[in-house]
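Subject: A structure for you to look at

Hi,

Here is the structure I promised to pass on to you. Please open it next to this email and follow along as you read.

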Amino acid sequence: MANLSNVKLNDGLQVPVLGYGTGTALYQKEAKDSVKMAYSEAHMHHIDCAEMYANEESVGQAIKELGVKRDDVFLTTKCGSADPRKSLEKSLKLLGVDQVDLYLIHSPELVKETGLGKSWQIMEELQKEGKTKSIGVSNYRVSDLEEVLKVAKVVPSVNQIEVHPYVYSKAQSLLDFCHSKGIHIESYGPLSTLIRAPGGPVDPVVKNIAQELGATEGQVLLKWAHQITHGGIVLTTSSKKERLEEQIKAFTEIKDLSDEQVQAIAEAGKQKLHRVFMQHMDS
Ligand SMILES: NC(=O)C1=CN([C@@H]2O[C@H](COP(=O)(O)OP(=O)(O)OC[C@H]3O[C@@H](n4cnc5c(N)ncnc54)[C@H](OP(=O)(O)O)[C@@H]3O)[C@@H](O)[C@H]2O)C=CC1
Ligand SMILES: O=CCc1c[nH]c2ccccc12
């Protein structure tokens, strides 16, 4: 199987373009077997977890049992409290590692009390101390990022947000803002039109494009999330090896959507709004 390409962040860190999510409800607490399967059978070497998923210990066990070198796994976790230092120290212990590759504040709502600027300064200290290679945010709106950028010495490397056609109309200005500041997008929920809101205006458009490209509808949606975010990182997941292989092939075998195809999906997506997670993003 061909290797996945990397996305280069604004601090130079290389991230595999496709990440394996462990936050999807079914395997929220017990991620060991699914992470081992995704790594060894489907070559998913980029793992996304979070303090709030309550699964870091099982992700750490998976890495240990796989017996791979630390550098052969790209590991992200996210702060789930108002105190990034305390949270990261706890996460490192549970994961059984000295350093994560990417550390994110899971939501601005969590650090309101600490302050968005102050919590970002703590993230910068954690990076300086080597507890994480890269630092970023998740579910931050333009106004949240502006508050961070007022004090930031380090521009967040990523903003991990919900990206699929039914949130595109709401996300468009945030995508443009992040692009203008060199903040890469990590898309989550990319398959939502297919699996969480089927029967909508995007389905026939995606079906046609899939036929044109000789791809599956899921592969078209993963590529769309990557391309609409200017070459961003995409997070997905599956409990099934065959689906994971299909997801990888979207980035190793299927050709890019044309600009017209990307726009056709975006236009169809604008006809409906369906946000699955983090409702504050629409406020
Ligand atoms: N920062 C944040 O606030 C958030 C981050 N995330 C992160 O992103 C990750 C991915 O997010 P998620 O929304 O789950 O991603 P997706 O939208 O890609 O959905 C993945 C789900 O789709 C199913 N699936 C996969 N392929 C297919 C297919 N071809 N046909 C039908 N169903 C399919 C999988 O189930 P099956 O096992 O049956 O294949 C899985 O449950 C999460 O695990 C988490 O790590 C997610 C939400 C919020
Ligand atoms: O990360 C976002 C959504 C999510 C998925 N599983 C959990 C568990 C606890 C908090 C949030 C989430």
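This is a predicted model: local features need pLDDT of at least 70, side-chain atom pairs count only at pLDDT 80 or more; totals for chains, interfaces and linings use all residues.

Let us begin with one residue on the outside. Glu 212 counts as exposed because its relative accessibility is 57%, and the cut-off for exposed is over 50%. You will find Glu 212 in helix α8, which covers residues 202-213.

**The whole chain**

Now zoom out. The chain has 11 helices and 10 strands. Its C-alpha atoms fill a box of roughly 50 × 40 × 30 Å along the principal axes. How does the radius of gyration agree with that of a compact globule? With 283 residues, such a globule would have a radius of gyration near 19 Å, and the chain has 18 Å, so the two agree.

Of the 283 residues, 55% count as buried. The accessible surface comes to about 12200 Å², and carbon and sulfur atoms account for 48% of that. Contacts also reach along the sequence: among those between residues at least 6 apart, 78% join residues at least 24 apart.

Next, please find strand β9, residues 184-188. Is this strand mostly covered or mostly open? It is mostly covered, with 4 of its 5 residues buried.

Strand β9 pairs with β8 (residues 158-162) through 5 bridges, and the two run parallel. One pair to look for is Gln 160 with its bridge partner in β9, Glu 186. Between strands β8 and β9, have a look at helix α6, residues 168-181: β8, α6 and β9 make a right-handed β-α-β unit.

Strand β9 is also joined to β10 (residues 233-236), this time by 2 bridges, and again the strands run parallel. Here Ser 187 stands opposite Val 234 in β10.

Tyr 53 sits in the loop between β4 (46-48) and α2 (56-66). Why does Tyr 53 count as buried? Its relative accessibility is 15%, and buried means under 20%.

Ser 192 is the other, found in helix α7, residues 192-195. At 1% relative accessibility, Ser 192 counts as buried too. Leaving aside residues up to four places away in sequence, Ser 192 touches His 164, Ala 197 and Val 276. Pro 16 is 176 residues away from Ser 192 along the chain, and their C-alpha atoms are separated by 22 Å.

Most residues other than glycine have a negative phi. With that in mind, two residues are worth a look.

- His 230 has a phi near 60°, a positive value. This residue is in the loop between α9 (217-228) and β10, and it counts as partly exposed because its relative accessibility is 41%.
- Met 278 has a phi near 50°, also positive. You can find Met 278 in the segment after α11 (259-269), and it is partly exposed, with a relative accessible area of 25%.

Enjoy exploring, and write back with any questions.

Best wishes

Notes. Residues are numbered from 1 along each chain as its sequence is written. Chains are lettered from A and ligands numbered from 1 in the order in which they are written. Side-chain values use heavy atoms; hydrogens and water are left out. Buried means under 20% relative accessible area, exposed over 50%, partly exposed in between (1.4 Å probe, protein chains only). Two strands pair if DSSP finds at least two bridges between them. A crossover is right-handed if, with the strands pointing away from the viewer, the path from the first strand over the helix to the second runs clockwise. The radius of gyration is taken over C-alpha atoms; the globule rule is 2.2 Å times the number of residues to the power 0.38. Contact means heavy atoms within 4.5 Å. Accessible areas come from the Shrake-Rupley method with a 1.4 Å probe; for residues, only the protein chains shown count as cover.
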